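Here are my notes for someone opening this one up for the first time. Have a look at the structure, then go through the points in order.

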Amino acid sequence: MRSPYLRRSRILISAIVFICFFVVFVDFTHLIPSKYINILLYLQFIPSLIKFYDLRTLAAAGFAAILILTLLTGRSYCSFLCPLGIGQDLNSRIGGRIRKKFRRYGYKKPFTIIRYTILAATLTVTIVWGIYLVTLLDPFSIFGRFMTFFAKPVVLLINNFLAGVLNRFDVYTLTHIPVTGYQLPAYSIPLFFLVLIFGLSLTKGRLYCNMICPVGTLLGLLSKVSILRIRINETKCSKCGLCSVRCKSSCIDFLKRHVDVSRCVNCFNCIDVCPDKAFSYGVVKIRKKEVKPDQERRKFIAGSLALLFGLPFISRAQEKNIPVPAKASTVKESRTCPVCPPGAGSLDDFNKLCTACSLCITACPNKVLQPALLQYGAKGMMQPVMDYNKSFCTYNCTVCTEICPTYALRPLALEAKKLTRIGKAIFIKDNCIVKTEKTACGACSEACPTKAVYMIPYEGNLLIPETNTEICIGCGHCEYACPTIPYKAIFVDGLPVHEAARKPEIREAETAVPEDFPF
Amino acid sequence: MKRREFIRRSGVAGVAAGAALSIGRYGEIWAAPPSRAKYDMVALMGGAPDAMFDLGIQELGGLGVFVKKGQKVLVKPNIGWDVVPELAANTNPLLVKRIIEHCFKAGAKEVYVFDHTCDNWVNCYRTSGIEQAAKDAGARVVPGNSEKYYQEIVIPGGVRLKKAKVHELVLSTDVFINVPILKDHSSTRLTCALKNMMGVVWDRGYWHSNNLNQCIADYAMFEKKPALNIIDCYNVMVKNGPKGVSREDVVQMKSLIITPDWVAGDTAAAKMLGLQTEKIEHITIAHKTGLGNLNLDALNIRRIKM
């Protein structure tokens, strides 16, 4: 097939995919229902793979579809479905507009050692230790973080500007939404990758995908045996080299008339650009292969083995960073355990499955989910953690559990979520306004959705809080509402394993309906 | 005018008048004083929220007494919680809707509705049913979620609360109508008209940590006071307030209190809950400061049972 529609359809489909993901991540009005987001997420390779590991059902078998697609067509995923890849194409295009030089790529040798080492490292680390490297390198998660950390604030600023103008004319269809941001260190990793990927894609096309991305490398290995691929008709080719110049993956060696399929992402630019019409995309004819030892495979296996044996030691050293519950003390809040979001089940399960794509962080209507720094230890960096200083968990909300691409947060029905205890409120009487100031407060009890924090008589006419942890679910509204500084008089300590809370006791009201006006 | 035409016209007019009379409830028309016979308070019992307001405001001479033609009106209900109307944590949407309709009938140019909510504001506006009700009646529903909407004001004479940031609409509108719902409250014992003002300021935490009751009374000194307080006592949360946990916290009292005097309004409302006014400090402080009258016996109260 040599049709120009190949390239055009690639551009069209990838544009749709990119816009959809962009909208999902910057959607600050929470317009898009979770079920549509889940359809989009189905074909994202790493999220789907992790979800499948957890669920083992067809409902999470999108990754298998990607594998089959790759075996049939090569690395179409990278050009058509991967939002990070599409974003890079967009950036390359901009780069090409800025300087013509940026548009000329030319053939480069593959970074074989680097890419297979990274793939091997990712695989082994994940199997032996945990999800750490996947979190760092999964293209979907990287894209998610870019959107959440950098694109969304820009969109919000634009919205706020427009809202300001409209509000002046008494129109309140757009509303001002405070741009809050996260703690500065949380930006370090996303910023590093932003600079890296932005820089590489601006001038070097798909170099990131072919040198670093483990998904790209894995699919590249599969595409070596794919059925459909780019071919060069040697009789037509005049070796003009235009294809090499325009190849984003720098994988066409025009002198040898050879395409490195492991790096080709099916962008079809070569088909379009070739003046000799020598390029086509179709079923490959099996040529006689020279039998020579596969250097790449050997390096891959050697690298994997080295990492396999080396990593347990590294991982053991890291284990110490996992927070261990300790005994609570008074006055200064002593937090023994971070609060992880509802649906996580337990800290361990959650840390194992979350790739820190930040989708829940951007979707949380209350902004209580914040990227973790070291709350979960080094390996849980950037994973979402409940920050009750910033906000609290809305009682009637299950959004994060509905959209988690990897099932690190499993879906919870609203009624179940209302009875899921993710932490326990602890009251520090010595910090409480009622005791220190001898004035009424009760902000905590006011906010509590289950009345696990209630008021009992104190000196004089005053009432002071008391907690009933049996019915507390750890939503953090009390901690958020508590006005004391620097230490809160009530705070929520996380639970390493989430529990079932008791239902609040329901008693009939004793107040009678007045028959007549009591005044 | 020819005689024949005169007869015909007067006949039509007579039929029209008779039809009008047969639709309306007679007694009320004659009972409603044509002049502005003002009561200090109108209390109603036994009707639907909107019907009680219709009758009650008529007793006060209609909303036109408070809202003039071409004015901008702020209607401030309690929309603090992400809770359905039956649980009575927020003002009854039917009542809010009817009040807005009366505002427009009185010639209001624009009616605004907002609250600085405790739960997520988008959810509160939606779940409470107030956003829909207000929009149906033609009001503008305005957010209160961002500090940007709040402007600093000074409260001369404030004991603990000397400055506050209030929503710009409080300052930019001509008439302020306070529409609280009566509820039990975990620390101030009751939340009603005076305490509803916590929803027009930005920093509530300051109030909580600086003598809550004093701050509530202090804010009542601010010059931009409600022209009217319409206290929703239809469904009343009698325990577990101000958010409530279940339907069992709510008692249907089917009542409504309308008064320009919010101290009197809160006092009457406290009695509905069976509370002693002396225990509710912000009411007693506000009374002592001269912001209203808690001696209901001294007031001219119109009581209506429907």
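1. A word on terms to begin: domain bounds here come from an automatic or database domain assignment. For chain A, that assignment gives domain 1 (5–283) and domain 2 (347–500). Their centres, taken over C-alpha atoms, are separated by 36 Å.

2. Some ground rules. This is a predicted model, where local features need pLDDT of at least 70 and side-chain atom pairs count only at pLDDT 80 or more, while totals for chains, interfaces and linings use all residues. Residues are numbered from 1 along each chain as its sequence is written, and chains are lettered from A and ligands numbered from 1 in the order in which they are written.

3. How do the domains of chain A meet? In contact (C-beta atoms, placed from the backbone, within 7 Å) are 32 residues of domain 1 and 25 residues of domain 2. On the domain 1 side, α2 (34–41), α3 (45–55), α8 (132–137) and α9 (139–168) each supply at least two residues; helices (H or I, at least four residues) and strands (E, at least two) are DSSP runs, numbered from the N terminus. The most comes from α9(A), with seven residues. By class, this side of domain 1 has 16 nonpolar, eleven polar and five charged residues, where Ala, Val, Leu, Ile, Met, Phe, Trp, Tyr, Cys and Pro count as nonpolar, Asp, Glu, Lys and Arg as charged, and the others, Gly among them, as polar.

4. Stay with α9(A) for a moment. It packs against helix α10 (residues 188–204) of chain A at an angle of about 110°, with the axes 10 Å apart. Axes are lines fitted to C-alpha atoms, for helices over the stretch in contact, and angles run from 0 to 180 degrees between N-to-C directions. That makes the two helices roughly perpendicular, a label for 65 to 115 degrees. From α9(A) the contact uses A:Ile142, A:Arg145, A:Phe146, A:Phe149 and A:Phe150, and from α10(A) it uses A:Pro190, A:Phe193 and A:Leu194. Sorted by class, that is seven nonpolar, no polar and one charged residues.

5. Now for some strands of chain A. β7(A) pairs with strand β10 (residues 490–500) of chain A in the antiparallel sense over seven bridges; pairing takes at least two DSSP bridges. A:Thr420 has A:Ala500 in β10(A) as its bridge partner.

6. There is also a hairpin. Strands β8 (residues 453–457) and β9 (residues 463–467) of chain A run antiparallel and are joined by five bridges, with A:Ile456 opposite A:Ile464. Five residues lie between the strands, and A:Gly460 in this hairpin takes a positive phi near 60°.

7. What does the contact between the chains take? It takes 47 residues from chain B and 40 residues from chain A. The chain B side has 18 nonpolar, 16 polar and 13 charged residues.

8. Last, two spots in chain B. In helix α11 (residues 281–288), B:Glu281, B:His282, B:Ile283, B:Ile285 and B:Ala286 are buried, and their cover includes α9 and α10 of chain B. B:Glu131 sits in helix α6 (residues 130–136) of chain B and is partly exposed, with 19 other C-beta atoms within 10 Å.

Technical notes. Buried ≥ 20, exposed ≤ 12 C-beta atoms within 10 Å, placed from the backbone. Parallel < 35°, antiparallel > 145°, perpendicular 65-115°, else oblique.
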